[in-house]
Amino acid sequence: MDTQILFPFAEYYWFYLGFTVFVFMVLVFDLGVFHRNAHEVSFKEATTWSVVWVSLALLFNVGFYYYAASSFPADVAWTKSLEFLTGYIVEKSLSVDNIFVFVMVFAYFAVPARLQHRVLFYGIVGALIFRAVFIAGGAYLMQFHWVIYVFGAFLIITGIKMMLVPDKEIEPDKNILIRLFKKLVPITSEYHGQKFFVRLKGILHATPLFIALLFIEVTDIIFAVDSVPAIFAITKEPLIVFTSNIFAILGLRAMYFMLAGAVDKFHFLKYGLSVVLIFVGLKMVWLNDYFGGKFPISYSLGFILGVIGLSVLVSLMFPKKLKEPLL
């Protein structure tokens with residue numbers, strides 16, 4: 001298998017730095033201007049921001065294509081831009097699982113609607129940091145050919161487990177990290193506005209808002225274990241993995257506020273996501289070798305779009321039956 005990296009970090013460190021600065025500026029502008037005052041995010045506002053984030057990702061991909069075409073043959077540039085688009089779609093689709101978690105966490109901790117954006121904002125910042133660490137580690141490990149088969153097998157097992165194992169109720173109080181934190185830091189019984197920490201009688205206390213944030217960060221680390229290997233199955237370019245991952249995460253808050261009330265309608269989506277994970281796992285352990293080192297990216301994009309689209313369509317055609325109320 002060809003292991004050549006077209007955008008090695010040593011030559012493109014300036015791009016990583018510039019992209020990171022851009023993301024930081026966008027986040028500061030988002031929180032400091034548009035969400036300076038805590039408020040409940042409306043469906044219209046969430047939809048507008050979703051369009052903005054998706055548009056930014058697509059515009060970036062267009063710019064990336066033209067830049068790659070200036071340095072490499074046009075067919076190589078086209079392939080790399082398709083890899084970015086495919087990776088972005090995979091990460092965007094897998095992030096729907098995060099939305100299910102957000103809904104349950106906010107309900108469990110009774111987080112007021114006007115404070116949910118603040119939790120997600122800092123949750124996204126933490127996710128960006130953790131994803132960067134995971135991607136750097138994955139890029140290093142992918143230099144060893146045997147790791148490809150380990151990642152592939154892990155994705156196949158994860159996909160099968162997602163398909164067969166029923167969803168469990170979220171119980172943050174049973175999470176070992178949450179329990180340990182509660183032993184070290186006292187927790188207030190009520191919210192204190194947008195504050196994560198307050199000082200009461202001279203003693204620093206964490207608020208339930210911080211506990212909700214902590215649990216969201218923990219779950220994102222768990223999700224990263226699946227999503228990072230999945231995108232490395234699409235492309236071996238760390239630059240593409242990094243940028244597509246970041247763009248998918250940046251749009252996660254807006255997608256949550258847009259879909260939070262409708263997540264139960266897409267009850268077949270988990271099966272579509274499980275098929276996607278199994279597929280990308282098979283790419284790593286078998287299909288790439290079978291196709292002479294690289295399964296065609298256009299086939300991957302078509303298959304992934306088809307599976308995700310079909311799972312959404314089936315969900316809408318066959319709505320989830322509501323449980324009968326107990327008398």
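**View 1. Leu 213 lies in helix α8.** Helices here are DSSP runs of H or I with at least four residues, numbered from the N terminus. The model is predicted: local features need pLDDT of at least 70, side-chain atom pairs count only at pLDDT 80 or more, and totals for chains, interfaces and linings use all residues. Residues are numbered from 1 along each chain as its sequence is written, and side-chain values use heavy atoms, without hydrogens and water. Leu 213 is buried, at a relative accessible area of 8%; buried means under 20% relative accessible area (1.4 Å probe, protein chains only). Beyond its neighbours within four places in sequence, Leu 213 contacts (heavy atoms within 4.5 Å) Val 119, Tyr 122, Gly 123 and Phe 196. Its C-alpha is 9.2 Å from that of Arg 118, 95 residues apart along the chain.

**View 2. Helix α6 spans residues 145-164.** Its 20 residues reach 30 Å from first C-alpha to last, close to the 28 Å expected at 1.5 Å a residue, where the expected span is 1.5 Å times one less than the number of residues. Among its buried residues are Val 147, Ile 148, Phe 151 and Leu 155. The cover over the buried residues of α6 includes α4 (96-108), α5 (113-141), α8 and α11 (269-290).

**View 3. The largest nonpolar core holds 98 residues.** Such a core is a set of buried Ala, Val, Leu, Ile, Met, Phe, Trp, Tyr and Cys residues joined through side-chain atoms within 4.5 Å. Val 105, Phe 106, Leu 128, Phe 247, Leu 250, Met 284 and Ile 304 touch the most other members. Helix α8 (residues 208-232) supplies the largest share, 14 residues.

How values were computed: Buried < 20%, exposed > 50% of the residue type's maximum accessible area, 1.4 Å probe, protein only. Helix = DSSP H or I, 4+ residues; strand = E, 2+ residues; numbered from the N terminus.
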